[in-house]
Amino acid sequence: MTQLLRLDGLNRAFGERQALKDVTFDVAPGRLTGFVGANGAGKTTTMRIILGVLAADSGTVTWGGAPLTRADRRRFGYMPEERGLYPKMTIREQLTYFGRLHGLDAGAVARNITSLLDRLGIGERADEQLEKLSLGNQQRAQIAAALVHQPQLLVLDEPFSGLDPIAVDTVVAVLREQTARGVPVLFSSHQLDVVERLCDDLVIIGDGAILTAGRRDELRAAYALPRYEIRVDGDAGWLRDQPGVTMIDLDGPRAVFDLDTGVEEQSVLRAALNRGPVRAFTPVAPTLAEIFREVAR
Ligand SMILES: Nc1ncnc2c1ncn2[C@@H]1O[C@H](COP(=O)(O)OP(=O)(O)OP(=O)(O)O)[C@@H](O)[C@H]1O
C-alpha cells in the first residue's frame with residue numbers, strides 16, 4: 001500500500017562536515033516531489049538514508065507513520081546516482097534479475113519488463129547489451145530497473161540528467177503513471193526548468209538544510225513578486241512614467257512591471273483603461289529559479 005514518507009530531523013556528518021542539518025520534509029502519496037539544491041547540498045545523502053544505504057546520525061524516516069523496515073525498503077524503487085546496471089548484460093537479463101530479487105515470479109517480471117520498456121520507448125532494445133545503447137537509452141533502462149517490481153515508493157537521483165527533451169517527456173509520462181497509482185515519487189534535479197514544469201511539490205535544500213518545502217503553487221504564491229504583465233493596444237511605454245512602476249520588460253503593446261509597496265495594481269489598470277482597451281492584465285508568478293535565488297541568499 002502506498003503511504004506518506006516522512007523525514008524528520010535527519011542529521012548526518014562526514015568527519016567535520018555536517019552534510020545534513022535537521023532535514024525534515026514529506027513525500028506525499030500520488031505526488032511528484034522535486035528535490036532541488038546546488039552540488040553538495042545533500043540530496044544524494046538524503047536519498048541514501050531513505051533507502052537505508054547510509055545511516056543517519058540522528059532523526060527518523062517513517063512510512064505511513066511507522067519506522068521504516070527492511071521489508072518496506074524492499075518494496076521501494078531507487079535509481080542511485082552511481083547507476084547500477086552491468087554494461088555487458090542485456091537489459092532484459094538485468095531487469096529480470098532485479099524483478100526476481102524483489103520476489104516477483106517469472107511471468108510477472110516478463111510482463112512488467114515488456115510493458116515498461118515499451119512505454120519508455122526502448123522495447124526493441126531489450127535484448128541488447130546495455131553498453132551498446134546511447135547514454136540516454138541507458139538512462140531509460142536504469143529508470144526501468146527502479147520500476148520493474150512495481151514499487152510503492154520511488155526515489156530517483158537525477159533521473160533527467162543527460163536526457164533530451166523528448167526523453168524527458170517520456171520519462172515524465174511513466175512517472176505520472178506511478179503517481180496515478182498513488183506512489184510517492186521523489187526525484188532530485190539540477191534542471192530547475194524541468195522541475196518547475198513537472199513537479200507537484202518542491203523541496204529546496206542548501207548546504208544540508210531545508211530552505212523551503214511545500215506545494216509548488218503555494219510556494220509560488222508565498223514568494224510572489226509585486227510583478228504584473230499588461231497588454232494594451234498601441235505602445236505601453238507610457239507605463240514608465242506612472243508613479244510606483246518599475247519597468248522590467250517592454251515589447252510594444254506588452255509590458256512587465258513591478259510595483260512599489262503600497263501601489264495598487266488596480267490604479268495602474270485604471271490608468272491603462274483611460275488610455276484605451278486593455279487586452280490582458282495578470283500577476284506574474286515567480287519562476288522556480290527566482291524562488292531558488294531568493295531562498296538561497
Ligand atoms: N561518503 C562521503 N564521505 C565524505 N563526504 C561525503 C560523503 N558523501 C557525501 N559527502 C559530502 O556531503 C555533502 C553532501 O553531498 P551529497 O552528495 O549528498 O550532495 P548532493 O546534493 O547530492 O550533490 P550533487 O548534486 O553534487 O550530487 C558534500 O559536501 C559531500 O562532499
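Two strands are said to pair if DSSP finds at least two bridges between them, and helices (H or I, at least four residues) and strands (E, at least two) are DSSP runs numbered from the N terminus. The structure is a predicted model, in which local features need pLDDT of at least 70 and side-chain atom pairs count only at pLDDT 80 or more, while totals for chains, interfaces and linings use all residues. Residues are numbered from 1 along each chain as its sequence is written.

Strand β1 (residues 5–14) pairs with β2 in the antiparallel sense over 7 bridges, and the two strands form a hairpin with 2 residues between them. In the turn of this hairpin, G15 has a positive phi of about 60°, and F14 has R17 in β2 as its bridge partner.

Both F14 and R17 also belong to the residues around the ligand, together with A19, G37, N39, G40, A41, G42, K43, T44, T45 and E81; a residue is counted here if its C-beta atom, placed from the backbone, lies within 6 Å of the molecule. At least two residues of this shell come from each of β2 (17–27) and α1 (43–51), and α1 gives the most, with 3 residues. By class, the shell holds 3 nonpolar, 6 polar and 3 charged residues, where Ala, Val, Leu, Ile, Met, Phe, Trp, Tyr, Cys and Pro count as nonpolar, Asp, Glu, Lys and Arg as charged, and the others, Gly among them, as polar.

**Helix α3 and its two partners**

Helix α3 (residues 91–101) meets helix α5 (residues 135–147) and also helix α4 (residues 106–119).

| Helix pair | Axes come within | Crossing angle |
|---|---|---|
| α3 and α5 | 9 Å | roughly 25° |
| α3 and α4 | 10 Å | roughly 130° |

Angles under 35 degrees count as roughly parallel, over 145 as roughly antiparallel, 65 to 115 as roughly perpendicular and the rest as oblique. The helices α3 and α5 are therefore roughly parallel to each other. Their crossing is right-handed, a crossing being left-handed if the near helix is turned anticlockwise from the far one by less than a right angle, and right-handed if clockwise. I91, Q94, L95 and F98 of α3 make the contact with A141, A144 and A145 of α5, and these residues comprise 6 nonpolar, 1 polar and no charged.

Turning to the other pair, the axes of α3 and α4 cross at roughly 130°, which makes α3 oblique to α4. The crossing of α3 and α4 is right-handed, and its contact is made by I91, R92, L95, T96, G99 and R100 of α3 with V109, N112, I113 and L117 of α4. The residues of this contact divide into 5 nonpolar, 3 polar and 2 charged.

**The four-stranded sheet**

A further open sheet is built from 4 strands in the order β12-β13-β11-β14, with antiparallel pairing. The edge strands, which pair on one side only, are β12 (245–251) and β14 (278–283), and the twist averages 20° from one strand to the next.

Strand β11 (residues 227–232) pairs with β14 over 5 bridges in the antiparallel sense, with T282 of β14 as the bridge partner of E229. The antiparallel strands β11 and β13 are likewise joined by 5 bridges, whereas 6 bridges join β12 to β13. In β13, F257 stands opposite Y228 and also opposite M247. The strands β12 and β13 form a hairpin with 2 residues between them, and G252 in the turn has a positive phi of about 60°. Helix α9 (residues 265–275) lies across β11, β12, β13 (254–259) and β14, running at about 170° to β14.

Notes
Axes fitted to C-alpha atoms, helices over the stretch in contact; angles between N-to-C directions. Contact = placed C-beta atoms within 7 Å.
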